[in-house]
Amino acid sequence: MALPFARSLPLCRWGAKRLGVAAAEARRGISFKLEEKTAHSSLALFKHDTGVKYGMVGLEPTKLAPNVERFREWAVVLADTAITSGRHYWEVTVKRSQQFRVGVADVDISRDSCIGVDDRSWVFTYAQRKWHTMVANEKAPIEGIGQPEKVGLLLEYEAQKLSLVDVSRVAVVHTLQTDFQGPVVPAFALWDGELLTHAGFEVPEGL
């Protein structure tokens, strides 16, 4: 039986509101923290698990709880939220780091490997004042961006793309073609200084 107009109008408004909320949530993109149980013993998390800092010595592995999720050989940490679809954007503030990698990796990447070394991770690496893409231990130079205070990453899952974004110009600097075959997570590696992550953004206009 059809609802009277007076009753159906509020329901229509409620439905439109819910659709608006869903659309806003879809635009907002991934929100994540860093997963302490994946962090190598030389890394320490801070600021409610949104930042990571490198320690030359770090924690002794014997003082850490046994955990098969922890990276054992390389200074890597993964985010706690997997991505299986959609377009997502996050940013990374770089503090006193001259050597780091940012990108994404399969959720089940080997904990004896480093991101960028195998073919199940896709990263942008900064070292010796230069940027490169890095996949399966092969590097390619990136031009048009210097030493940043902050960079953005744009992941387009269905399009199989990961882009490095210059946040000062809100412009894509370089796009890396990926080969996602399952869930991936934001991934980070560093050998000095600190990285601070910022997530939960809408994809900026123009990207």
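Modeller: What follows goes from the core to the strands and then to the ring pairs.

This is a predicted model, in which local features need pLDDT of at least 70 and side-chain atom pairs count only at pLDDT 80 or more, while totals for chains, interfaces and linings use all residues. Residues are numbered from 1 along each chain as its sequence is written, and side-chain values use heavy atoms, with hydrogens and water left out.

The largest nonpolar core has 36 residues. A nonpolar core here is a set of buried Ala, Val, Leu, Ile, Met, Phe, Trp, Tyr and Cys residues joined through side-chain atoms within 4.5 Å; buried means under 20% relative accessible area, exposed over 50%, and partly exposed in between, with a 1.4 Å probe and protein chains only. Trp 90, Phe 124, Trp 131, Leu 155, Phe 188 and Leu 195 touch the most other members. Among the strands that each supply at least two residues of this core are β4 (87-95), β5 (99-106) and β6 (121-127); strands are DSSP runs of E with at least two residues, numbered from the N terminus.

Phe 188 forms one aromatic cluster with Phe 32 and Trp 90. Beyond its neighbours within four places in sequence, the contacts of Phe 188 (heavy atoms within 4.5 Å) include Leu 34, Val 92, Ile 115 and Leu 195.

Trp 131 lies in strand β7. Strand β7 (residues 130-135) runs antiparallel to β6, joined by five bridges; two strands pair if DSSP finds at least two bridges between them.

The structure holds eight aromatic pairs. Rings of Phe, Tyr and Trp (its six-membered ring) pair if their centres lie within 6.5 Å; planes under 30 degrees apart count as stacked, over 60 as edge-to-face and the rest as tilted. The pair of Tyr 89 and Phe 201 is tilted, because the centres are 6.1 Å apart and the planes stand at 55°. Tyr 89 is in strand β4 and Phe 201 in the segment after β13 (194-198), 112 residues apart. Tyr 89 counts as buried at 3% relative accessibility, whereas Phe 201 is partly exposed at 31%. The rings of Phe 100 and Trp 131 have centres 5.6 Å apart and planes at 85°, so this pair is edge-to-face. Both Phe 100 and Trp 131 are buried.

How values were computed
Helices (H or I, at least four residues) and strands (E, at least two) are DSSP runs, numbered from the N terminus.
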